[in-house]
Every structure is written in structure tokens, then in C-alpha cells.
Amino acid sequence: MKLKNKSVIITGAGSGIGKACTQLFNQEGANIVLSDVNEEDLDKTIGTLNPKINSLKYKCDVTSKKDTKNLVNFTVKSLGSLDILINCAGVNPRNAPMEYDFEEIWDWVLSVNLKGSYLMSHFAVEKMKENGGGAILNIASIIGLVGYDEEISSGLSSYAHSKGGVVQLTRDMAVGFAKSNIRVNSLCPGYVETKLTQRLFEDKKILKHVKSLHPMGRLAELNEIANAALFLCSDDASFITGVNLPVDGGYTAR
Ligand SMILES: NC(=O)c1ccc[n+]([C@@H]2O[C@H](COP(=O)([O-])OP(=O)(O)OC[C@H]3O[C@@H](n4cnc5c(N)ncnc54)[C@H](O)[C@@H]3O)[C@@H](O)[C@H]2O)c1
């Protein structure tokens, strides 16, 4: 087991990539505080875990300073320390509330995807420093590294801006906290079928097109993202920090 007795927070654990990471980290012996804004989905994730290992849930909106501080404090109080944080909670403008205009959508996406990772990291590093170190993994995106394909988005995408910010947050934190023995990396996944992409892929022509944008000719599987997360958060990656790792079937190599 690669994460035996490690204390972990995973945000966005109710669905998709965060759920897959929670399941794999649980199998690897981690004690996890699963967090999400959607409590019903958290319960569903908990239901899939090995009950012998310590798994606790905590409802948290990552855009809230109060919630994120309380989540970190709850974790240290319940599990004794914080070793690993995965910032996975995220949204896409396609799923914004109907009543939002373009400015409100931009603020919402930046707030969840970038500010949320910043707030969680702010409180986590305080505890990791007291504990002698730790590992933070941000879930960025290929769209933090390259522009959108023009058939998917017509420019000025809040999602791209937020994920570009997460990539730079990762580098900045990696350098700034290296002496504190805190490693900070990100994953930049290609497209995966989750709730986030559900609306986009309702159009089967778009799905086919998106698959073709990945040189390997398919989308990522959730376990392929979770496996990369496990590597970067485990001691196998002990000299890796500041990396924004594409897990994208060659998408960004073109
Ligand atoms: N699906 C993809 O193709 C893809 C590709 C690259 C990167 N990503 C990134 O991976 C991460 C996970 O996305 P996913 O595809 O699993 O989507 P998902 O919608 O299945 O999961 C995202 C989770 O984040 C939670 N969330 C949303 N707003 C929140 C908030 N304010 N506070 C706390 N939790 C909140 C949601 O409730 C949901 O459970 C996101 O950061 C996303 O941008 C996804």
C-alpha cells in the first residue's frame, strides 16, 4: 500500500475524477476526508469505500474562506495531521446557472477552479509546515496548457483562464514551499466522460471530434487519471515538484 496511514483531503470527491481518486487512495490505505459541495454525492462515494479504513465526509464550498479553513481544521482534528491535498473541485461554464450573464459566469468559474484551489492550499500549507511537509495536487487541464479547439469554444473561455491560473499557482507554490518539504504538482487531463462534460458529449459528432483531437484516438479513463494522481502524491514522486503533467493521450504533444 502506497499511502498507508496518510491523511488526505480530496475536494470534488462526490463525482468523476475526485471520486476515482478517493476510491484508489482508499485502496492504497489512506485516511481520507472526502469533501464536496454536493452532500448526496459524497454519501454515494462513501458507500463504495472499504469501511475498515477511516473515511470521513465534510461538506465544503471551496469558494468560501470559512468553509475551506474549517475543512482543513476538521481534518487535522479528526485524523491528526494533513499529508496530502487534492484540489479537484471544478466547474465548466457550460454548466453555469441559466440566469448568469457572461461576467457572472467568468467570476463563478474563476472562483471555484482557481480561488478554490488557492484557499484550500492556503490553509493546508500552514498545517503541512507544522507537520514537516506534504504533497498538494491540483487538477488543472490540458486547457490550462493550450488553447481550446475552435469547434469547442469560440475564445474568451473562463475555463481556460482558470486552468491556466491553476498551472501557474502550481509552479509558484512548488518553488515557494520546496524548502518546507511541500511538493506541489498538477495533473492536466485530456477529456474524460464525467458530469462536467456530459452536456458537451450529448452531441455525438462533438464526442467523435474530441476523441480525434487526442492522438491516441479516445478519451481518458477515470482510472488513468487516478493512477497518475497516486504517483504524484506518493513517495515514488519524492523529487518531483512544480510539474504540470498532461495525462492526455498526446493531446498537448501536437
Ligand atoms: N472531465 C474532463 O474532461 C476534465 C478534463 C480535465 C480536467 N478536469 C478537471 O477535473 C476536475 C474534476 O472534474 P470532473 O470531470 O470529475 O467533474 P465532475 O463534475 O464529475 O466533478 C466535479 C465535482 O466538483 C464539485 N464542486 C463543484 N463546485 C464546487 C464547489 N464550489 N465546492 C466544492 N465542490 C464543488 C461538484 O459537486 C462535483 O462533485 C475539475 O477541476 C475539472 O475541471 C476535467
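Author: Start with Ser-141, which sits in the loop between β5 (134-139) and α5 (158-176). Helices (H or I, at least four residues) and strands (E, at least two) are DSSP runs, numbered from the N terminus. This is a predicted model: local features need pLDDT of at least 70, side-chain atom pairs count only at pLDDT 80 or more, and totals for chains, interfaces and linings use all residues. Residues are numbered from 1 along each chain as its sequence is written, and side-chain values use heavy atoms, with hydrogens and water left out.

Reader: Is Ser-141 buried or exposed?

Author: Buried means under 20% relative accessible area, exposed over 50%, partly exposed in between (1.4 Å probe, protein chains only). Ser-141 has 6% relative accessibility, so it counts as buried.

Reader: Which residues does Ser-141 touch, not counting those up to four places away in sequence?

Author: Contact means heavy atoms within 4.5 Å. Ser-141 touches Tyr-159, Lys-163, Leu-187, Cys-188 and Pro-189 on that count.

Reader: Now the helix. Where do the buried residues of α3 fall, seen down its axis?

Author: An α-helix has 3.6 residues a turn, so residues three or four places apart point the same way. In α3 (residues 65-79), the buried ones are Thr-68, Leu-71, Val-72, Thr-75 and Leu-79. They fall within an arc of 90 degrees (taken from the directions from the helix axis to the C-beta atoms), so they line one face of α3.

Reader: Which exposed residues does the face turned away from the buried side of α3 carry?

Author: That face has Lys-65, Lys-66 and Lys-77.

How values were computed
Expected span 1.5 Å × (residues − 1).
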